[in-house]
Amino acid sequence: MEVKLTYYGHATFMLSNGETTIVFDPFFNGNTWEKAKPEDIKCQYIVISHGHGDHYGDADLIGKANNALVISTAEVAHKAEEAGLKAHAMHLGGKHDFEFGSIRLTPAFHGAGIPGGHAAGVIVTFYGKTLYFAGDTAFFSDMQYLNRFGKLNYALLPIGDNFTMGPEDALLAASLIKADVTIPVHYKTWPVIDQDPDAFVAKLEAEHHQKGLVVEPGSTIVL
């Protein structure tokens, strides 16, 4: 069965094989891309990289409407449980198997958005496809080891700058991660993170001879 990725702008995306669906960092209300509303989202799982409002987003609304399981760090999972959601708590360096495959939480150098917490990246294996979602992060040299956990088919890296890696740092990150395909995210939501994803992909291919792909917000690709 095909695995599809739908990108909603900012850092919000969905993986689905038609039966099982995960939404990542479900930021819809306030997302200036305006590609969907929380009530449009049907899923069984919600993965949240950290607790900032533009990443935790509409988890409460979507989680309750779908009886979905929230997967995140312990602090964010606790926040979701306090809101009445089901949650599976994890933490950095931890991996857990689910019906769709597995989730591994990796470090992300960024604010947690919640007291006592940590921001995280995610390596998700979903019905045979493996993706690295960096979350909001600065560049860090240990990115070179992420592919030691298995071949990364796709990497989703923020390029917006100001709050996260900018294009130059994200290019360096991609050169270390060595995913089959790198997809830029977390750009143009607001003027302060106005970056050109096409220019990023062109430089990635020209300077590092790696494949990049711009997924237009609101569109779906087959992995």
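1. Ground rules. This is a predicted model, where local features need pLDDT of at least 70, side-chain atom pairs count only at pLDDT 80 or more, and totals for chains, interfaces and linings use all residues. Residues are numbered from 1 along each chain as its sequence is written, and side-chain values use heavy atoms, with hydrogens and water left out.

2. The sheet. Seven strands make an open sheet with mixed pairing, in the order β7-β8-β9-β10-β11-β12-β13. Strands here are DSSP runs of E with at least two residues, helices are runs of H or I with at least four, and both are numbered from the N terminus. Two strands pair if DSSP finds at least two bridges between them. β7 (95–98) and β13 (211–212) are the edge strands, each pairing on one side only.

3. β7 and β8 (residues 101–107) run antiparallel, joined by four bridges. Lysine 95 sits opposite arginine 104 in β8.

4. Around β12. Five bridges link β11 and β12, in the parallel sense, and leucine 156 faces isoleucine 183 in β12. Is β12 buried or exposed? Five of its five residues are buried, meaning under 20% relative accessible area with a 1.4 Å probe and protein chains only (exposed is over 50%, partly exposed in between). Val181, Ile183 and Val185 are on one side, Thr182 and Pro184 on the other, and both faces are covered.

5. Helix over sheet. α4 (residues 167–177) lies across β10 (129–133), β11 (154–158) and β12 (181–185), at about 160° to β11. Axes are lines fitted to C-alpha atoms, for helices over the stretch in contact, with angles from 0 to 180 degrees between N-to-C directions.

6. Helix on helix. The α4 and α5 (residues 197–208) axes come within 10 Å and cross at roughly 45°. That makes α4 oblique to α5, since angles under 35 degrees count as roughly parallel, over 145 as roughly antiparallel, 65 to 115 as roughly perpendicular and the rest as oblique. Pro167, Ala170, Leu171, Ala174 and Ser175 in α4 meet Phe200, Lys203, Leu204, Glu207 and His208 in α5, contact being heavy atoms within 4.5 Å.

7. Positive phi. Glutamate 34, a residue other than glycine, has a positive phi near 50°. Glutamate 34 is in the loop between β3 (21–24) and β4 (45–47) and is exposed, at 67% relative accessible area. Asparagine 67 also has phi near 50°, in the loop between α2 (59–66) and β5 (69–73).
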